[in-house]
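The sequence and the structure are shown first.

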Amino acid sequence: MYGAYQDITSEKLALNALKVSEERFALTTSGSGDGLWDYDIKERKIWFSPRFRTLLGYKNEQDFPNNLESWENALYEEIRICTRYI
């Protein structure tokens, strides 16, 4: 019979800390009333919080999806022209 052993204590602790951090972030964003968005320049991915959508007058992610096109369409025409070069 053969076996292997690997101590995953540090991984479990890191996952638990991440879970706690995510829960705190969710509580903070939902309780603050602030609208948040995040843009990953390298991956060209964008995320909008539900409150951010509400502040812009949208009800859900289907009305204002997490993509750059949604963001660009929400901008004034003068700003849209400038963002094409970024």
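## Surface and basis of the model

What does the accessible surface of the chain come to, and what percentage of it belongs to carbon and sulfur atoms? The accessible surface is about 7,700 Å², and carbon and sulfur atoms hold 56% of it. Accessible areas were calculated by the Shrake-Rupley method with a 1.4 Å probe, and for residues only the protein chains shown count as cover.

The model is predicted: local features need pLDDT of at least 70, side-chain atom pairs count only at pLDDT 80 or more, and totals for chains, interfaces and linings use all residues. Residues are numbered from 1 along each chain as its sequence is written, and side-chain values use heavy atoms, with hydrogens and water left out.

## Overall architecture

The chain holds four helices and two strands, in the order α-β-β-α-α-α from the N terminus. Helices (H or I, at least four residues) and strands (E, at least two) are DSSP runs, numbered from the N terminus.

Of the 86 residues, 12% count as buried (under 20% relative accessible area; exposed is over 50% and partly exposed in between, with a 1.4 Å probe and protein chains only). Among contacts in the chain with a separation of 6 or more, 7% are between residues 24 or more positions apart; a contact means heavy atoms within 4.5 Å.

Most residues other than glycine have a negative phi. Arg44, although not a glycine, has a positive phi of about 55°.

## Aromatic pairs

Six aromatic pairs are found in a search of the whole structure. Rings of Phe, Tyr and Trp (its six-membered ring) pair if their centres lie within 6.5 Å; planes under 30 degrees apart count as stacked, over 60 as edge-to-face and the rest as tilted. Phe48 and Trp71 form a stacked pair, because their ring centres are 6.1 Å apart and their planes are at 25°. Phe48 belongs to strand E2 and Trp71 to helix H3 (residues 68-74), so this pair ties together parts 23 residues apart in sequence.

Phe48 is buried, at 1% relative accessible area, whereas Trp71 is partly exposed, at 23%.

## Ser70 in helix H3

Helix H3 also contains Ser70, which is buried at 10% relative accessibility. With neighbours within four places in sequence left aside, Ser70 is in contact with Phe64 and Pro65.
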